[in-house]
Amino acid sequence: MTEATGLEAKTIHRLLRYSPDYGGFTYNEHNQLSGPGLLITDESSMADVELAHDLLQAIENGIQVVMVGDIDQLPSVGPGSVLRDAILSGVIPTVRLKYNYRQAAGSGIADYAHMICRGQWEPPNSKDIHWMCISDDIAAAAASNQAAHEVVKRVVQAVKDGLGPMDFQVLSPQRKGAAGVNNLNDLIQDAINPKTPNKPELTFGKSVYRLGSKVMVTSNDYGLGVFNGDLGLITGVMGRDFRGEDKDGKEIKGPGIFAEFDGEEVFFDIDKMGILDLAYASTVHKSQGSEFKLVIMVCVRSHYIMLQKNLLYTGVTRAKNDLVLIAQDSALKHAVENDKIADRFSLLQKRLRREI
């Protein structure tokens, strides 16, 4: 948002100033954000009822709220479906945008997103969509292995073409399996950031964190100032003998790693390493709210249990310039046909209509 508008943008958590010591937000119903003004929340489909409640309680009269989002994407991880319920309630003025600004005019990516919403699964012929069709006639395990091999091949080519780790993102519907996030991360790292004698690394759990590795924060840590979904690059790997101070003068010590997120360097000691994952590949859920020049998305039969229309739509629409789709016909067809929206019983629609 900052890049797009030239204005400062914040996560809701940063706006409300979460306090680890207090165990809640500094801005709340007793200490509201001062108005008058305009508050625009982007990716509003990702906000659950609890976070939306905290935000709206902290807003003073005189502040107008505009919620921007896409109800065709995956719903929030937390409870409720705030944006969808707000629209379907019929009591909140709603405008549906018809022009796509993420992709260029005439983009096949935008066309495919609309096709998915209409129930069409086969990607169109387009200069910005590259479809690697994996045969439905081979075993599921063989298809997954072929998909993984093709992913690595495409990533290596992207790096040769000048893209950095933050410019591309590999997406998979699930973590496990040959074409799952965990295995893909290991394969990609070995291909584009291999082990060398002069490149320090730290093994934690089943992953190797190496200088230059792309990493993702998997849960909020208000003390470190990092939040679920933040992407960064490892800038330093420290051994047991390391001693230093963070930006607030607090002592930090190894083993651990430094990683840079949006220009801010953060140190993760061994006790904090559990909130990091390698992030060359990620699940579609974790990518929501982000965009990348290149998205390489895998969709094969072994992902069957996770495949649904809003997952495919969300993954496809993360791509800004180019989409590489490594997929089986049967998997794409199943995803598009599986369009049931899970019921979420928050009663928000009825409350907005004053029915209860």
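## A parallel sheet and a buried aspartate

In this predicted model, Leu 171 stands opposite Ser 282, a residue of strand 16. The pairing of strand 6 (residues 168–172) with strand 16 is parallel and comprises three bridges.

These two strands belong to an open sheet of five strands, arranged in the order 5-18-17-6-16 with parallel pairing.

| Helix | Strands involved | Angle to strand 18 |
|---|---|---|
| Helix 5 (residues 108–117) | lies across strand 5 and strand 18 (319–328) | about 55 degrees |
| Helix 10 (residues 329–337) | touches strand 5, strand 17 (292–299) and strand 18 | about 115 degrees |

A further site concerns Asp 48, located in the loop between strand 3 (37–41) and helix 3 (49–57). Is Asp 48 buried or exposed? Asp 48 is buried, yet has no salt bridge. The nearest side chain of opposite charge belongs to Arg 344 and is 7.6 Å away, whereas a salt bridge requires a distance within 4 Å. The side chain of Asp 48 does reach a backbone atom, namely the nitrogen of Leu 51, at 2.8 Å. When neighbours within four places in sequence are left aside, the residues in contact with Asp 48 are Ser 76, Gly 78, Pro 79 and Val 82.

Note on methods:
Residues are numbered from 1 along each chain as its sequence is written. This is a predicted model: local features need pLDDT of at least 70, side-chain atom pairs count only at pLDDT 80 or more; totals for chains, interfaces and linings use all residues. Side-chain values use heavy atoms; hydrogens and water are left out. Two strands pair if DSSP finds at least two bridges between them. Helices (H or I, at least four residues) and strands (E, at least two) are DSSP runs, numbered from the N terminus. Contact means heavy atoms within 4.5 Å. Axes are lines fitted to C-alpha atoms, for helices over the stretch in contact, and angles run from 0 to 180 degrees between N-to-C directions. Buried means under 20% relative accessible area, exposed over 50%, partly exposed in between (1.4 Å probe, protein chains only). Lys and Arg count as positive and Asp and Glu as negative; His and the chain ends are not counted. A polar contact is a pair of N or O atoms within 3.5 Å; within protein, one must be able to donate a hydrogen and the other to accept it, and residues adjacent in sequence count only if both atoms are side-chain atoms.
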